[in-house]
Each structure stands twice: as structure tokens, then as C-alpha cells.
Amino acid sequence: METAFDNRGLEDSYATDSSSVWSPEEQDGTNLQVPSGVSEPISRCGDLDVIFEHSAASQKLTVTIVRAQGLPDKDRSGVHSWQVHVVLLPSKKQRGRTSIQRGPNPVFQEKVTFTKLEPRDVAACAIRFRLYAARKMTRERMMGEKLFHLSHLHLEGQMKVTLVLEPRSNISSGVSPLSPSAVSHSDSASSMQSLSHGGAPELLVGLSYNATTGRLSVEMIKGSHFRNLAVNRAPDTYGKLFLLNSVGQEMSRCKTSIRRGQPNPVYKETFVFQVALFQLSDVTLMISIYNRRTMKRKEMIGWIALGQNSSGEEEQDHWEEMKETKGQQICRWHTLLES
């Protein structure tokens with residue numbers, strides 16, 4: 001579908017918006033036109049063509065993700081397969097995603113509908129768009145994102161917008177009081193920025209939950225960029241997993257076997273925790289990676305937390321996605337936070 005997208009005054013405006021920091025915009029009637037002198041962003045992750053259609057009577061907002069253009073080339077992203085995730089902020093309770101499409105200018109033509117949007121609440125909400133470079137079975141990497149504040153939304157009818165995606169390495173590390181994942185978020189964001197330059201240690205984790213059996217399955221798949229700072233050789237590493245209840249008390253623990261002399265160790269070990277469905281929103285999964293230096297000495301390389309007290313926004317999103325997929329394993333890379 002060829003659609004003329006009206007982005008007059010929008011492209012520069014959204015390009016200068018801090019896309020990781022969510023706060024309701026002040027209702028001061030600000031014009032979307034950007035003052036002269038505001039320059040284009042130095043780097044871009046591409047453009048996303050989107051159609052918004054809002055109905056105040058039915059309290060529904062339909063978002064059509066049409067296509068993406070000007071995406072990073074294969075040398076930067078590693079793939080030519082793309083997926084777009086959308087979520088309604090600040091609640092994050094309504095979300096959706098497109099199917100995976102290939103090519104430098106993927107066409108999605110897919111709709112996500114958000115419901116129960118009362119007119120008086122619309123202006124205080126936003127839609128967050130994230131573009132992922134999708135890999136087979138394991139790795140999906142967030143390449144860029146953009147917020148669209150619904151205070152800019154036409155109250156009735158269609159609105160066609162081209163959003164300029166903010167590159168992952170440029171995303172601000174600011175913390176919003178509305179974010180449920182404010183714990184250690186600034187540390188996570190700064191580590192994520194160094195990751196874009198190939199430095200920070202990462203861990204690939206697979207999560208799945210069976211509501212019928214109450215089995216939470218956690219697969220420690222592999223790590224990346226693990227270092228031994230004390231001596232000039234690859235570290236001997238292992239992982240520890242703790243399941244904590246709503247007040248931080250330990251419910252269960254386990255650990256992987258040791259991987260010796262590997263900066264990018266492959267664990268491929270799965271651990272199962274018994275968690276009732278009513279408890280799933282109240283538990284926290286802590287994963288720590290240790291470097292075993294001697295029989296009696298160890299040092300922590302880094303850690304992450306998922307669940308009630310997630311250590312960052314990507315960890316929170318991974319947990320929520322696991323809950324919504326109903327038994328399907330969801331794999332994501334996470335940047336380890338320093339101890």
C-alpha cells in the first residue's frame with residue numbers, strides 16, 4: 001500500500017525527543033513545528049511509517065505499522081530480518097508486535113489495537129515503538145526506538161506519521177518515576193551504550209512459563225565478552241540463579257557447572273522453578289555470573305534481575321513477554337550490571 005505520509009514538522013520534533021525517558025507532556029498547546037536552527041540527529045536508525053486511528057466512542061486506538069525505511073545495513077545489524085514491538089505507556093499492560101519481515105525496507109502492514117482508552121486519559125499516554133534485528137532461534141537485538149505521545153493524536157479519524165527511530169547507542173539513560181523498572185536503570189542504560197561499541201558482558205537467557213503446571217523454565221544459554229581482570233587469560237565462569245518472593249526472601253536457588261577458559265561460554269542448562277500463577281507477578285529471578293579464580297576465591301562479573309524488581313527496562317519487557325506468550329520460550333540478550 002502506497003500512502004503519502006505527512007511528516008511535516010514531525011520528523012525533527014520526534015528526532016529531538018528523548019525516546020527512552022517517558023514522562024507525560026505538558027498540555028500547553030505546543031505546536032509540532034520545530035524552531036529554525038534545530039538540526040537533524042547526527043545518526044539515524046531508520047524511519048517507521050505508522051497510521052493511528054482513534055475512536056473516542058469505542059475508546060480504541062488502532063496502530064498500523066506500515067513499513068520501515070533507511071534501516072541499518074547488514075554490516076551494522078548483522079541481519080536483514082526485522083520486527084517491531086509496540087507498548088502502551090505508562091502502564092505497559094497492552095502491547096503487540098509484528099511478524100518478522102526481511103529486506104532493507106520491510107513492509108509490515110500489521111495492526112495493533114489498544115482498548116479502554118478513555119478520552120480524558122489519552123493525552124497522558126504514549127506508544128513506544130522498538131525496532132529489533134531478529135535472528136533465528138536465539139538472538140534479537142534492539143536497534144532503535146521512538147515514543148509517540150498521544151497528546152499529538154487526532155481525536156477522531158486517521159493520522160499518518162513517519163517516526164525517526166533513535167539509535168540504541170543514543171538513547172538517554174534517564175529514569176522516569178512512571179517506569180516500573182527504575183531500579184538500576186541508569187546503570188543498565190550506560191552498560192547498554194558501551195555494548196554498542198562491543199565492550200560490556202552479555203548473557204543470553206531463555207524464559208518460558210506453563211500456567212497449567214506452574215513451571216517456570218529458565219535456560220542459561222550463553223555469555224559474551226566475559227573477562228578476567230586479574231590475569232591475562234579467559235575466565236572460568238558459572239552462573240547462580242535465585243528465586244525471591246515479594247519481600248526478597250529466597251525461595252529457591254541453583255547454579256550451572258563451570259565453563260573453563262571461555263570469554264564467550266556456552267552453558268545450555270535449563271532450570272525449573274515451581275511458581276503458582278498468582279505468584280508470578282510477585283517473584284524476582286536473580287541471575288549472577290561469577291569468575292572462579294581459585295578453589296576458595298570468586299568474583300562477580302555481573303548480574304541481572306527479572307520479574308517484580310527487574311534491573312532494567314529490557315529485563316522487565318522480557319518477563320512480561322514471557323507471561324503473555326503462554327508457554328513459548330522467549331530468548332533475549334541482557335547486559336550484565338556490575339556488582
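What follows is a friendly chat about a predicted model of one protein chain.

User: Hi! What should I know before I start?
Analyst: The model is predicted, so local features need pLDDT of at least 70, side-chain atom pairs count only at pLDDT 80 or more, and totals for chains, interfaces and linings use all residues. Residues are numbered from 1 along each chain as its sequence is written, and side-chain values use heavy atoms, with hydrogens and water left out.

User: How many helices and strands does the chain have?
Analyst: There are five helices and 18 strands. Helices (H or I, at least four residues) and strands (E, at least two) are DSSP runs, numbered from the N terminus.

User: And which residues touch the most other members of the largest nonpolar core?
Analyst: Phe-52, Leu-61, Phe-114, Ile-127, Phe-129, Phe-148 and Leu-150 do, in a core of 31 residues. At least two core residues come from each of β1, β2, β3, β6, β7, β8 and β9. A nonpolar core is a set of buried Ala, Val, Leu, Ile, Met, Phe, Trp, Tyr and Cys residues joined through side-chain atoms within 4.5 Å. Buried means under 20% relative accessible area, exposed over 50%, and partly exposed in between (1.4 Å probe, protein chains only).

User: Which other core is there?
Analyst: Apart from that one lies a core of 25 residues, among them Leu-207, Leu-216, Leu-243 and Trp-319.

User: Switching to helix α5: is it enclosed or open?
Analyst: Largely enclosed by the rest of the structure, because 10 of its 13 residues are buried. Those buried in α5 include Glu-313, Asp-317 and Trp-319. Just after α5, Lys-326 takes a positive phi of about 55°.

User: How many salt bridges does the structure hold?
Analyst: It holds 15, where a salt bridge is a side-chain nitrogen of Lys or Arg within 4 Å of a carboxyl oxygen of Asp or Glu. Lys-268 pairs with Glu-219, their closest N and O atoms being 3.2 Å apart. That pair links distant parts of the chain, with Lys-268 in strand β15 and Glu-219 in strand β12, 49 residues apart.

User: Is Lys-268 buried or exposed?
Analyst: Lys-268 is exposed, at 53% relative accessible area, whereas Glu-219 is buried at 11%.

User: What about Glu-269, which salt bridge does it form?
Analyst: Glu-269 forms one with Arg-259, with the closest N and O atoms 3.0 Å apart. Glu-269 counts as buried at 17% relative accessibility, and Arg-259 is buried too, at 13%.

User: Last one: which residues are linked in a network of salt bridges?
Analyst: Arg-95, Arg-128, Arg-130, Glu-145, Glu-313, Asp-317 and Glu-324 are.
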